[in-house]
Amino acid sequence: MATEQTLDQRYQAIRTKYSDYTEHTPLNSDHDFVKAGLVWGEDQGNQTPSVLLIALEPGHWDTSREDKLDQLAYELLASVSGDWPVFAHLQDDKNSRCYSLFGVDGSDGTHSVDEVPSIELIRNYEKLEKDPTFRWSMRIYTRLMHRFDAFHEQVFQTVKDRVNDKNDIIEEVAKLLFLETFRVHHGDELSFTDHEGKTQRFREVFDHHYVAKHGAKAVEQIKAAFEAFKAHEDYVVVSDDGTRNAIFPSDSHLRLTQPENYRTLLEAMQDLGSVTDNQGRMIAGKEVGTLADVAGDLLGRVFDVFLRANFESKGGLGVYLTPNPVKQAMLEIAMHDIQQDNAIMERLTAEAVWKRIFAESALGTPLHHSRSLNGIPILGTWLHQAAWEPICAALQLKNEPQRLTPAQISPLASCFSHPRCASHV
């Protein structure tokens with residue numbers, strides 16, 4: 001009978017597979033079922049990105065779930081001062097799997113891959129920390145996942161509200177994320193008329209401090225704000241036949257009534273602390289961070305994880321989102337054919353095509369589409385320089401192109417995952 005490997009032996013077995021990566025540093029973990037480290041090497045005199053190696057004790061393979069791996073990776077890497085790894089290899093006594101971390105390969109998040117690239121090829125992958133606030137954003141990503149889950153349980157278990165099931169809670173979160181988008185992307189002048197006919201400044205009302213002070217009155221005002229903004233011109237998609245499609249239908253209303261539920265969720269979205277750079281230094285002018293400061297599509301991933309964890313599959317989770325591996329496979333098939341066809345490549349740059357691509361939500365947020373097209377070499381430069389202008393035109397958005405950055409689109413992840421958006425394409 002074969003002797004069972006110890007955790008140290010299992011970790012050394014993984015390291016043996018990466019003998020070309022000659023440099024190594026161990027990582028500390030608070031979990032006694034984890035042993036981890038980073039390996040890297042040199043190619044033509046240049047240091048390669050590192051690879052995260054993780055050995056697990058038997059019985060802990062649930063850590064391989066993408067959302068749990070994200071959390072574990074962040075915990076392991078929090079004290080790493082240099083560049084973070086772009087790939088990971090995870091192994092227990094029966095399973096072994098490789099991952100691309102944090103969407104570095106152009107996808108919208110951590111996902112499994114066939115293998116870690118060779119030392120000669122790994123330098124082709126971008127380093128994660130081009131965004132100067134990536135590490136702060138990862139902290140917020142982890143915090144929001146915990147807060148959203150806690151809010152879901154609060155509404156379902158302790159501060160019960162006017163919702164029928166767990167899926168109703170998810171939709172209420174989407175509505176309040178939608179309003180938070182207004183708060184962070186519109187100025188102090190944005191106003192609405194409340195149920196008493198009075199004009200209210202939205203930023204003043206849609207604030208967790210205000211809700212804590214004014215209770216039920218604040219709830220009624222926020223409900224009025226949703227009625228005013230749910231069909232706002234900035235978030236109406238025009239179909240090919242000229243039909244105007246708001247994210248939420250006219251008969252969609254905020255159902256939550258308990259002030260404590262509003263306060264809890266608004267605090268989760270708004271109390272993010274100061275924005276810091278990847279060296280931990282506070283960024284001037286960002287003493288109070290917002291969801292607009294979160295890098296890349298991390299907020300989209302938060303909502304994706306929240307949805308998967310709490311959705312009750314009565315009508316199928318696919319009503320809201322397509323699993324990342326399915327999206328990746330679809331895109332790889334499509335992009336393989338597109339790159340071979342000059343006529344299609346020319347059509348890709350036409351506004352009419354952008355309208356079709358970015359109005360369709362079956363593959364996720366608009367940021368995911370732009371990353372996908374980034375994989376086509378001939379479009380790479382064009383996307384970085386001019387992509388947002390046709391996207392704005394396609395979505396009939398009022399925001400000037402230079403204002404609508406990927407980080408700004410991210411808070412709309414939940415909105416573009418809404419069934420109503422997909423149903424009109």
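Is Asp293 buried or exposed? With a relative accessible area of 15%, Asp293 counts as buried, because buried means under 20%. Please keep in mind throughout that the structure before you is a predicted model.

Let me stay with Asp293 for a moment. The side chain of Asp293 meets that of Lys286 in a salt bridge, with 2.7 Å from N to O. Lys286, for its part, is partly exposed, at a relative accessible area of 32%. As a general point, side chains of opposite charge can pair when their charged atoms come close.

In this model the count comes to 15 salt bridges. Some of them share partners, and in this way Asp168, Glu172, Lys175 and Arg255 are joined into one network.

The next pair is Glu267 and Arg263, where the closest N and O atoms are 2.5 Å apart. Both residues belong to helix H8, which covers residues 259–270, and they are 4 residues apart, about one turn of the helix. Glu267 counts as partly exposed at 26% relative accessibility, and Arg263 counts as partly exposed at 21%.

In soluble globular proteins, nonpolar side chains tend to be buried together.

Which residues touch the most other members of the largest nonpolar core? They are Leu52, Ile54, Phe148, Leu176, Leu179, Phe202 and Ile222, in a core of 74 residues. Helix H3, residues 134–158, gives the most to this core, contributing 10 residues. There is also a second, separate core of 15 residues, which includes Val39, Leu53, Phe87 and Cys98.

Consider Ile222 in particular. Leaving aside residues up to four places away in sequence, Ile222 touches Leu176, Leu179, Val205, Phe206, Val211, Leu254, Tyr262 and Leu266.

Leu177 is buried, because its relative accessibility is 2% and the cut-off for buried is under 20%. What separates the C-alpha atoms of Leu177 and Met269? The separation is 8.0 Å, although the two residues are 92 residues apart along the chain.

Methods. Residues numbered from 1 in each chain as written. Predicted model: local features only at pLDDT ≥ 70, side-chain atom pairs only at ≥ 80, totals over all residues. Heavy atoms only, no water. Core = buried A, V, L, I, M, F, W, Y, C linked by side-chain atoms within 4.5 Å. Buried < 20%, exposed > 50% of the residue type's maximum accessible area, 1.4 Å probe, protein only. Helix = DSSP H or I, 4+ residues; strand = E, 2+ residues; numbered from the N terminus. Contact = heavy atoms within 4.5 Å. Salt bridge = Lys/Arg side-chain N within 4 Å of Asp/Glu carboxyl O.
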